[in-house]
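Here's a quick tour of a protein model, from the overall picture down to a few residues. Have the viewer ready.

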Amino acid sequence: MAQAEADQVSVYIYEETSWGALSTALAMSAVPITGHNLGMDKTTIVSDTIRSDRMVDTVVATSTSASGSIDFDFQYEETFNKLLAAAVGGAWATNVLVQGTTKKSYSIEAKYPDIVQFSSIRGARVSEFNLNIPVGQKATGSCRYLGKSKAAAGTSIAASVAAYAANQVYSANADLGTLKEGGAALSTVIKSITLNIAANTRLITGVTQAAPFGINLGVLDITGSIEAYFEDLVLLNKFLNHTKSSLEFTLTTSGGGKSYLFLIPAIYYAGTGGNEVVTGKNTEVMLTLPFQAVKDSVTGNEISITRVPT
């Protein structure tokens, strides 16, 4: 019997018009992945029934939902545009995306062609969109979600699948362009940047059905961190003095197009950090600066993402 091989797996998404609807023959879009996890979360309780033979009587299934993640090398891609919009609850307008309160959901399917099997998630709402941009490496990311239900079958829910564009994967060294802190070009050398967008999704559960009745959005929580070489007191004092600042960076291809500009217009350096890290001999002293985004009093935004498609 054949085994499903990871090198043949494909993942598709479809933006639903009705949350969690059991639609088929969908026009889906392929996502470039480095890994995925499409899971079912089933809550069970062991029966307390006392038996004279000392055995467990039964296990009761009380509720079900779905969750999972898609991991990827970050590049300019239309499916990532969709997932970014879902993460911040907004919509692209003239190639600019800002936060909002719109609830978007997706049907997600994984295809295992070598064993001719498919698994799918319905009603998936993005709970996190994370980016990691470390020195000497490619930019990577993950998208986590909560969903209504999971199913598996020998046939696909897709009628068609649009291929992804296979654009250039961004490099932290070659493709991380404009880097501004506090509105000015940052002269301090940066070793890594992380960006985490959390929608704080939560399940709406109740009696009469095992699956959730809905998935709501919570506070848009945008956090991240900067790892910087310790060169002066500018960044450290912003942490120590709780000074409001901003962060802006661009990811662009070597040809100059297909880029994203991420602007977090109001941040505080907060949390555990702001310390000078010495790891041993023959190393540099580093500063790790976690940040928290807040609503900007000027723009009214917590995040703004500008895309250049060509």
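## Ground rules

This is a predicted model, so local features need pLDDT of at least 70 and side-chain atom pairs count only at pLDDT 80 or more, while totals for chains, interfaces and linings use all residues. Residues are numbered from 1 along each chain as its sequence is written, and side-chain values use heavy atoms, with hydrogens and water left out.

## The big picture

The protein has two helices and 21 strands (DSSP runs numbered from the N terminus: H or I of at least four residues for helices, E of at least two for strands). Its C-alpha atoms fill a box of roughly 70 × 50 × 45 Å along the principal axes.

Of the 310 residues, 44% are buried (under 20% relative accessible area; exposed is over 50%, partly exposed is in between, with a 1.4 Å probe and protein chains only). Take the contacts (heavy atoms within 4.5 Å) with a separation of 6 or more: 70% of them join residues 24 or more positions apart.

In soluble globular proteins, nonpolar side chains tend to be buried together. A nonpolar core here is a set of buried Ala, Val, Leu, Ile, Met, Phe, Trp, Tyr and Cys residues joined through side-chain atoms within 4.5 Å. The largest one holds 59 residues, and those touching the most other members include Phe-74, Ile-108 and Tyr-260. Helix H1 (residues 78-88) gives the most to this core, seven residues.

There's also a second, separate core of six residues, among them Leu-26, Met-28, Ala-30 and Ile-157. Back at Ile-108, its partners beyond four places in sequence include Val-11, Leu-38, Ile-121 and Tyr-145.

## Asp-73

Is Asp-73 buried or exposed? Asp-73 is buried, at a relative accessible area of 17%, and lies in strand E4 (residues 59-73). Its side chain makes a polar contact with the side chain of Lys-138 at 3.2 Å (N or O atoms within 3.5 Å, one able to donate a hydrogen and the other to accept it; residues adjacent in sequence count only if both atoms are side-chain atoms).

Setting aside neighbours within four places in sequence, Asp-73 also touches residues including Thr-34, Phe-80 and Val-169.

## Val-285

Val-285 sits in the loop between strand E19 (275-277) and strand E20 (286-293). Val-285 counts as partly exposed because its relative accessibility is 31%.
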